[in-house]
Protein chains: 2
Amino acid sequence: MLTLFGNLESGNVHKVQAILYRIEVAYRRVDVVQAAGHPRTEKFLALNPMGKVPAVRLDDGDVITESGALLYWFGRGTELWPADERARTEVLRWMCFEQYSHEPALAVMRYLRHFAPASEDNDRRVRELAPRAHQALHVMNARLASSAFLAADSCTLADLALYPYTRWSDQAGIDLTAYEHVRRWLERVEAQPRFLAPGVEGATEVVSFDDYFE
Amino acid sequence: MLTLFGNLESGNVHKVQAILYRIEVAYRRVDVVQAAGHPRTEKFLALNPMGKVPAVRLDDGDVITESGALLYWFGRGTELWPADERARTEVLRWMCFEQYSHEPALAVMRYLRHFAPASEDNDRRVRELAPRAHQALHVMNARLASSAFLAADSCTLADLALYPYTRWSDQAGIDLTAYEHVRRWLERVEAQPRFLAPGVEGATEVVSFDDYFE
């Protein structure tokens with residue numbers, strides 16, 4: 001059985017849960033907790049030297065990491081990875097946008113507003129990041145004014161990639177009221193077959209970090 | 001003829017120059033200058049609403065943006081995008097690593113150290129980013145201790161993606177002496193056929209921003 005390393009609070013982990021649930025592949029989840037420092041332990045670094053979740057151990061023992069790579073690996077052969085090469089390129093374009101222009105603003109603001117203790121430094125970081133977050137949402141909103149999904153007419157891996165941290169905007173202190181097309185798009189993603197909501201367990205079994213690595 | 005929008009100082013633009021030069025596709029370059037605010041002008045935003053370089057206009061008028069998507073589009077069908085799906089996933093993994101964990105540290109430090117006027121705020125940002133930059137180089141160095149290239153035994157799109165901002169480490173104030181395997185890898189990338197050095201013009205024609213958009 002596949003093993004997914006990550007926790008339910010991570011949007012990057014959610015992307016992998018979402019694709020595995022969608023393609024109906026059973027997996028167990030090892031609860032790697034950032035707040036407990038798990039990703040930086042020697043045991044975890046032996047598995048993923050990049051020191052991040054998500055990571056997936058395949059049945060042959062191989063390990064794949066980085067949410068974008070995992071979406072590709074599991075999404076190939078589904079309609080979420082279109083056959084047309086130009087459409088594929090557009091999927092990758094929006095996945096790059098997510099990693100570089102969206103996630104570093106929205107996910108970090110969410111961490112600072114929702115998980116980290118309040119501090120002057122954190123307030124300053126939030127003020128610095130807010131324009132970038134709104135810029136990313138503005139770009140998405142403009143695109144979604146004329147397209148049901150980000151990279152193509154139908155739902156693709158790009159939509160799964162952009163979904164979780166956009167859905168969690170409220171936890172980042174961001175109001176989506178002004179982003180009407182983004183809000184409607186969130187609902188369209190949620191109406192997809194075998195949609196798994198963020199924060200919901202998709203694994204058939206959960207193993208604690210200590211139990212797995214002991 | 002293809003049109004590439006970007007400038008020679010950008011590593012993200014270099015990636016596209018590198019792949020176009022490698023596959024021997026002629027193109028003209030429109031000199032989009034970040035310091036002049038070009039990417040945020042209405043004219044450029046009509047071309048790329050994400051407001052960033054590189055962007056490429058294809059012969060059919062279609063526009064592709066994001067360096068990772070452009071590497072994929074032009075690299076398909078070459079040995080830089082391996083046939084094996086597991087190897088492809090590994091290429092994407094390192095390209096995600098570049099966009100999320102490498103470029104935001106090394107490229108921003110380079111900007112702050114090499115292009116921006118000195119200020120206390122910039123010094124603070126450099127101090128915050130330096131550990132992330134060294135962490136990224138450490139991860140690369142460890143991988144390259146046992147592999148000639150990052151994602152596979154041979155050079156792939158991942159190596160082109162990681163190359164420019166690693167090569168420009170000195171401009172970011174980062175000393176590569178301790179990263180022996182990274183230094184040797186830089187030389188291996190430079191020994192590839194039809195290698196284009198960063199900062200070198202690969203276009204057959206250069207058009208100024210104002211001339212193109214007037």
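In chain B, strand β3 (residues 55-57) and β4(B) run antiparallel and are joined by 3 bridges. Strands here are DSSP runs of E, at least two residues long, and helices are runs of H or I, at least four residues long, both numbered from the N terminus. Two strands pair if DSSP finds at least two bridges between them. This is a predicted model: local features need pLDDT of at least 70, side-chain atom pairs count only at pLDDT 80 or more, and totals for chains, interfaces and linings use all residues. Residues are numbered from 1 along each chain as its sequence is written, while chains are lettered from A and ligands numbered from 1 in the order in which they are written.

**The sheets**

- Strands of a sheet pair through backbone hydrogen bonds, either parallel or antiparallel.
- Chain B has an open sheet of 5 strands, ordered β4-β3-β1-β2-β5, with mixed pairing.
- Its edge strands are β4 (63-65) and β5 (205-208) of chain B, and each pairs on one side only.
- Neighbouring strands of this sheet are turned by 25° against each other on average, direction ignored; the axes are lines fitted to C-alpha atoms, for helices over the stretch in contact, and angles run from 0 to 180 degrees between N-to-C directions.
- Chain A also has an open sheet of 5 strands in the order β4-β3-β1-β2-β5, again mixed.
- In chain A, β1 (residues 2-6) and β2 (residues 27-31) run parallel, joined by 5 bridges.
- A:L4 has A:R29 as its bridge partner in β2(A).

**Where the chains meet**

- The contact takes 23 residues from chain B and 23 from chain A; two residues are in contact if their C-beta atoms, placed from the backbone, lie within 7 Å.
- On the chain B side, β4, α3 (67-75), α4 (85-115) and α5 (120-144) each give two or more residues.
- The largest share of that side, 10 residues, comes from α4(B).
- 100% of the interface residues of chain B are also interface residues in chain A, so the copies meet through the same surface.

**Symmetry**

- A rotation of 180° with 0.0 Å of shift along its axis superposes chain B on chain A, with RMSD 0.0 Å.
- That is the relation of a two-fold axis.
- The superposition is by least squares on the C-alpha atoms of residues with pLDDT of at least 70 in both copies.

**A contact set in chain A**

- Leaving aside neighbours within four places in sequence, A:A158 is in contact with A:V91, A:W94, A:M95, A:L150 and A:A151.
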